[in-house]
Amino acid sequence: MISDALLLEGLRQGDEASFEALFHRHYPQVYRLLVRLTGDPAHDSDRYRPRAEVDRPVLLVGRGGVVLDGGGVSRVVDNTASGAGVLNLEIANGSAAQGACVRNAGTLTLANVTIRNCRAVSLLFDPTGAGIFNTGDLQVVNSTVADNRSEPAAEAVPARRGLGG
């Protein structure tokens with residue numbers, strides 16, 4: 001496991017992966033502290049949903065209304081595998097600096113997929129690709145990418161690799 005000190009150094013240099021590793025590592029403690037300080041469990045721990053990290057060939061197949069939901073607090077699908085696929089699913093409500101619903105650095109096929117209501121937002125990075133952020137090989141077939149947004153305003157976001165916001 002990479003030390004917090006190395007991750008903090010990566011964060012200082014603008015590495016998004018370092019930020020995400022620190023966030024996921026320390027989220028449970030931060031949440032417990034918020035509840036202890038405020039006495040309010042309504043911070044909604046049920047909304048924290050770790051992303052689906054795909055690092056080997058896998059096919060995610062849904063039937064009738066299946067939604068992979070990021071709850072507005074996490075990226076939904078993060079693919080680094082070669083030969084992965086998502087079929088007949090809705091991917092929604094993701095939040096991350098890049099690829100709020102889907103980030104692909106491998107080989108990924110999306111077929112009959114709806115990607116919606118995803119939000120790319122960051123104080124440290126230029127948010128881009130609210131729906132999909134792709135640096136790998138991506139095939140999108142008979143799918144919809146809609147109602148996604150990048151914040152700050154989309155005009156300030158580099159358009160080079162992002163899709164859907």
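Is Asp78 buried or exposed? Asp78 is buried, at a relative accessible area of 10%; buried here means under 20% relative accessible area and exposed over 50%, with partly exposed in between (1.4 Å probe, protein chains only).

1. Some ground rules before the details. This is a predicted model, where local features need pLDDT of at least 70, side-chain atom pairs count only at pLDDT 80 or more, and totals for chains, interfaces and linings use all residues. Residues are numbered from 1 along each chain as its sequence is written, and side-chain values use heavy atoms, with hydrogens and water left out.

2. On to the salt bridges (a side-chain nitrogen of Lys or Arg within 4 Å of a carboxyl oxygen of Asp or Glu). Searching the whole structure turns up three of them.

3. Asp78 is worth a look in the viewer. Strands, for the record, are DSSP runs of E, at least two residues long, numbered from the N terminus. Arg103 counts as buried, because its relative accessibility is 17%.

4. Asp78 also forms a salt bridge with Arg75, where the closest N and O atoms are 3.7 Å apart. Both of these residues are buried. Put together, Arg75, Asp78 and Arg103 are linked in a network of salt bridges.

5. Then there is Glu90 with Arg116, a salt bridge whose closest N and O atoms are 2.2 Å apart. Glu90 is in strand β6 (residues 90–92) and Arg116 in strand β10 (residues 114–116), so this pair ties together parts 26 residues apart in sequence. Arg116 counts as partly exposed, because its relative accessibility is 31%.

6. Now the sheet. Four strands make an open sheet in the order β2-β5-β9-β13, with parallel pairing; two strands pair if DSSP finds at least two bridges between them. The edges are β2 (59–61) and β13 (137–141), each with a single partner strand, so one side of each has no neighbour in the sheet. On average, neighbouring strands are turned by 10° against each other, direction ignored; the axes are lines fitted to C-alpha atoms, and angles run from 0 to 180 degrees between N-to-C directions.

7. A closer look at one pairing: strand β9 (residues 107–111) and β13 pair in the parallel sense over five bridges. Leu108 has Leu138 in β13 as its bridge partner.
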